[in-house]
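Here is a note for a colleague who is meeting this structure for the first time. Please keep the sequence and the model in view while reading the points.

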Amino acid sequence: MKNIDPRHYDVIVAPVITEKATTASEFNKVVFKVDGKATKPQIKEAVEKLFDVKVKSVNTLVRKGKTKAFRGTFGSQSDVKRAVVTLEEGHRIDVTTGL
């Protein structure tokens, strides 16, 4: 097995499989849920080491959790940080097959 730091598995939480993410995959982009404290250089390094690809750029966003009411009690879902990773030409990640 390659020389992979276990911290890389903490940075990348899960792939995002939505209609919008599937459309972005046609343009060499992959969307991941990432740790809330992860930085762009950490995300880039983790994706390059785990998937053995070259990353062109990383864009991040934080999706705010929705507020819900259940029987008069209000609660909120957790905020989720996502990363849109653009890959270099010739590199691909198929998130449907797993690691």
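Which backbone oxygen does the side chain of asparagine 28 reach? The answer is taken up in point 6, after the setting has been described.

1. Basis of the note. This is a predicted model, in which local features need pLDDT of at least 70 and side-chain atom pairs count only at pLDDT 80 or more, while totals for chains, interfaces and linings use all residues. Residues are numbered from 1 along each chain as its sequence is written, and side-chain values use heavy atoms, with hydrogens and water left out.

2. Overall make-up. The protein contains three helices and six strands, where helices (H or I, at least four residues) and strands (E, at least two) are DSSP runs numbered from the N terminus. Read from that terminus, the elements follow the order α-β-α-β-α-β-β-β-β. Of the 99 residues, 29% are buried, a term that means under 20% relative accessible area, with exposed being over 50% and partly exposed in between (1.4 Å probe, protein chains only). Among contacts with a separation of 6 or more, 60% come from residues 24 or more positions apart, contact meaning heavy atoms within 4.5 Å.

3. The sheet. An open sheet is formed by four strands in the order β1-β2-β6-β3, with antiparallel pairing; two strands pair if DSSP finds at least two bridges between them. The edges are taken by β1 (12-15) and β3 (55-63), each of which has a single partner strand, so one side of each is left without a neighbour in the sheet. On average, and with direction ignored, neighbouring strands are turned by 35 degrees against each other. Within the sheet, β2 (residues 29-34) and β6 (residues 80-87) run antiparallel and are joined by six bridges, and valine 31 has valine 84 in β6 as its bridge partner.

4. The helix across the sheet. Helix α3 (residues 40-51) lies across β1, β2, β3 and β6 and runs at about 120 degrees to β3, the axes being lines fitted to C-alpha atoms, for helices over the stretch in contact, and the angles running from 0 to 180 degrees between N-to-C directions. The buried residues of α3 are Ile43, Ala46, Val47 and Leu50. Seen down the helix axis, these buried residues fall within an arc of 95 degrees, so they line one face of α3; the arc is that of the directions from the helix axis to the C-beta atoms. They pack against α1 (7-11), β1, β2, β3 and β6. After α3 comes aspartate 52, which has a positive phi, near 55 degrees.

5. Valine 58. This residue is found in strand β3 and is buried, with a relative accessible area of 9%. Beyond its neighbours within four places in sequence, valine 58 is in contact with Lys40, Ile43, Lys44, Ala83 and Val84.

6. Asparagine 28. The residue sits in the loop between α2 (19-24) and β2, and a relative accessible area of 11% makes asparagine 28 buried. To return to the opening question, its side chain reaches the backbone oxygen of glutamate 88 at 3.2 Å. Not counting residues up to four places away in sequence, asparagine 28 touches Val85, Thr86, Leu87, Glu88, Glu89, Gly90, His91 and Arg92.

Technical notes:
A polar contact is a pair of N or O atoms within 3.5 Å; within protein, one must be able to donate a hydrogen and the other to accept it, and residues adjacent in sequence count only if both atoms are side-chain atoms.
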